[in-house]
Amino acid sequence: MNDPFIIGGVTLTSRLFIGTGKYGADSLIPSVAEASGAQVITVAMRRVDKQAENQASSQGIMGHIPAHMRLLPNTSGARTAEEAVRLARLARAAGCGDWIKIEVISDTRHLLPDGYETAKATEILAKDGFTVLPYINPDLYVARACVNAGAAAVMPLGAPIGTNRGLRTKEMVGILIEEIDLPIVVDAGIGRPSQACEAMEMGAAACLVNTAIASSSDPVSMARAFGAAVQAGRDAWLAGPGAVKAQGQGAEASSPLTGFLR
């Protein structure tokens, strides 16, 4: 089936993005990446060890990321637009490319993104030639501000980051899918493959999953499960789910209730 997934002019075949945080050992990352089928991987600029990167050392996080994967550095730790912009430019200078996931979070308890500062950083970096993917609360007005600022995709949270609570913001994410003419990548909070499948069945373009994979008992197997779930959800959305009968309308037999053999 012809189903291109394009972000910033780049065509991807996998709709699962993965992360690099919280693994018991960074050496798991290559196996997780292979099992997931993902082509995009996010890494916090704060974790990049430049010396290890320059030496291609297995001790640095960058030494464990497969060479074929597209890097999506994130600005985790930024509390203002200015800090996010600085981290993004450092990422490009370090050879991490022009894709950037904007995270601007000053709320230390719930870790909810600051929409105003995120849109501000998006505008600056989009004008600077970056492919910007802002991480936001699923707020229509913030999403529109990011679109107008030049975002290449919008990444609403499914639940607070790192919670594994699932698609708690389903109604709001659904509004973004309906109203925003950019890929919607559900990011944060997805805890089970079934939840990622649900997001994809709604029409999300992709899911980014880190904690649910990294914190599982078997990250490699869980990565494989998420890859299959994301694809299954996308296939279901493309197929077009059948109509749902409202409560009170009764049931409907799959086969005719007339013409029985006698």
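User: Why is K101 called buried?

Analyst: In this predicted model, K101 has a relative accessible area of 3%. Buried means under 20%. The value of 3% falls under that cut-off, so K101 counts as buried.

User: Where does K101 lie, and what is K101 in contact with?

Analyst: K101 lies in strand β6, residues 99–102. Set aside its neighbours within four places in sequence. K101 is then in contact with T42, L72, P73, N74, T75, L133, Y135, M155, D187 and L208.

User: How do you know that D187 counts as buried?

Analyst: Its relative accessibility is 3%. The cut-off for buried is under 20%, so D187 is buried. D187 is in strand β9, residues 185–187. Leaving aside neighbours within four places in sequence, D187 is in contact with K101, Y135, M155, P156, L157, G158 and L208.

User: What makes K101 and D187 a contact?

Analyst: Contact means heavy atoms within 4.5 Å. K101 is listed among the contacts of D187, so the two have heavy atoms within 4.5 Å.

User: Why does K22 count as exposed?

Analyst: K22 has 56% relative accessibility. Exposed means over 50%. The value passes that cut-off, so K22 is exposed. K22 is found in the loop between β3 (16–18) and α1 (29–36).

User: What is the phi of K22?

Analyst: Its phi is positive, about 75°, although K22 is not a glycine. Most residues other than glycine have a negative phi.

User: Which loop holds A188, and why is A188 called buried?

Analyst: A188 lies in the loop between β9 and α7 (193–202). Its relative accessible area is 7%. That is under 20%, so A188 is buried. A188 also has a positive phi, of about 85°, and is not a glycine.

User: How many residues line the largest pocket, and what is its volume?

Analyst: The volume is about 660 Å³. There are 34 lining residues, and the closest to the centre are K22, S76, E103, I161 and N210.

User: What makes a residue part of the lining?

Analyst: A lining residue has an atom within 4 Å of a point of the pocket. K22 is one of the lining residues, so K22 has an atom within that distance.

User: Which elements each supply at least two residues of the lining of the largest pocket?

Analyst: They are β4 (40–44), β10 (206–209) and α8 (211–214). β4 gives the most, with three residues. By type, the lining divides into 11 nonpolar, 15 polar and eight charged residues.

User: At what angle do helix α5 and helix α6 pack?

Analyst: Helix α5 (residues 140–149) and helix α6 (residues 170–179) pack at about 35°, and their axes are 10 Å apart. L140, A143 and R144 of α5 make the contact with I175, L176 and E179 of α6. These residues divide into four nonpolar, no polar and two charged. The crossing is right-handed.

Notes. Residues numbered from 1 in each chain as written. Predicted model: local features only at pLDDT ≥ 70, side-chain atom pairs only at ≥ 80, totals over all residues. Heavy atoms only, no water. 1 Å grid on protein atoms, 1.4 Å probe; cavity = no way out; pocket = protein on both sides within 12 Å on 5 of 7 lines; lining within 4 Å. Points joined across faces, edges and corners; volume = space filled by probe spheres on them. Helix = DSSP H or I, 4+ residues; strand = E, 2+ residues; numbered from the N terminus. Nonpolar A, V, L, I, M, F, W, Y, C, P; charged D, E, K, R; others polar. Buried < 20%, exposed > 50% of the residue type's maximum accessible area, 1.4 Å probe, protein only. Axes fitted to C-alpha atoms, helices over the stretch in contact; angles between N-to-C directions. Left-handed = near helix turned anticlockwise from the far one by under 90°.
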